[in-house]
Amino acid sequence: MSPLEVDVYDLNVRNSRDQDLKDRIYERLMGRSESDPETSCQVYLGAWTDHGNAKIRVGQRVFNLNRVAAWIFFETFELWGENIAFHTCETPACFNPGHLGVAKDISEALREIHRLRRPRQPGRRLNKEKATQLRLRHFDEEATANILATEFGLSKTSAQAVIENKTWKDDAFYERRKRCA
Ligand SMILES: [Zn+2]
């Protein structure tokens, strides 16, 4: 038997043992949780640390709920590894796998959390209707670029660019206004 075959054999034995353990812990989690129909969060109702993290015992050690859930649901996630599990929803006790993310280390986790929770890009906060509203607020109601930036969640430069018809171009709007003036 080549060394490789030995490795594969060991891995299979370990995986099936892991799977039994995962199944038992999954049952335990499901038995002590409730689903929230509004958010689809699966909320664990068991033990908590002082920091507000749910804790789960696996064998001799106690782990954070995120970690245990990721280990159950994501095939390659290692409970004892460097890999990181994190939430993409607002409920710390949730273990819905759809609300969990995994990363290979802390820096990848931070990038992912940032990406997933980042507010939408300024350019995407507008559409044609909103650009028209913004212009009307400026030309009819004298709202300044500063005020409009706050109202529409834009930078002042972006608001100014819309007012000056540089972005979200709408020549017809300016033509109409010229005719009315
Ligand atoms: Zn959730």
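Predicted model: local features only at pLDDT ≥ 70, side-chain atom pairs only at ≥ 80, totals over all residues.

Biologist: What is the average pLDDT of the protein chain?

Modeller: pLDDT is the predictor's confidence in each residue, from 0 to 100. On that scale the protein chain averages 83, and 85% of the residues score at least 70.

Biologist: Where is confidence lowest and where is it highest?

Modeller: Among the elements, helix 1 (residues 3-31) is lowest with a mean of 71, while helix 4 (residues 128-139) is highest at 94. Helices (H or I, at least four residues) and strands (E, at least two) are DSSP runs, numbered from the N terminus. Over residues 1-9, pLDDT stays under 50, and the model has one contact beyond four places in sequence for them.

Biologist: What makes something a nonpolar core?

Modeller: It's a set of buried Ala, Val, Leu, Ile, Met, Phe, Trp, Tyr and Cys residues joined through C-beta atoms within 7 Å. The largest one here has 19 residues, and L65, V68 and F95 are among those with the most contacts inside it. Helix 2 (65-73), strand 5 and strand 6 each give two or more residues to this core, with helix 2 giving the most, six. A second, separate core has seven residues, including L126 and V162.

Biologist: Why is A93 called partly exposed?

Modeller: A residue is buried if 20 or more other C-beta atoms lie within 10 Å of its own, exposed if 12 or fewer, and partly exposed in between, with C-beta atoms placed from the backbone. A93 has 19 such neighbours, so it counts as partly exposed. A93 sits in the loop between strand 5 (84-87) and strand 6 (100-103).

Biologist: Which residues does A93 touch, beyond those up to four places away in sequence?

Modeller: V43, Y44, A54 and L65. Contact means that two C-beta atoms, placed from the backbone, lie within 7 Å.

Biologist: And why does I163 count as partly exposed?

Modeller: I163 has 19 C-beta neighbours inside 10 Å, so it falls in the in-between class. I163 belongs to helix 6 (residues 156-163). Leaving aside neighbours within four places in sequence, I163 contacts R135, H138 and A145. H138 is 25 residues from I163 in sequence, yet their C-alpha atoms are 7.3 Å apart.

Methods:
Residues numbered from 1 in each chain as written.
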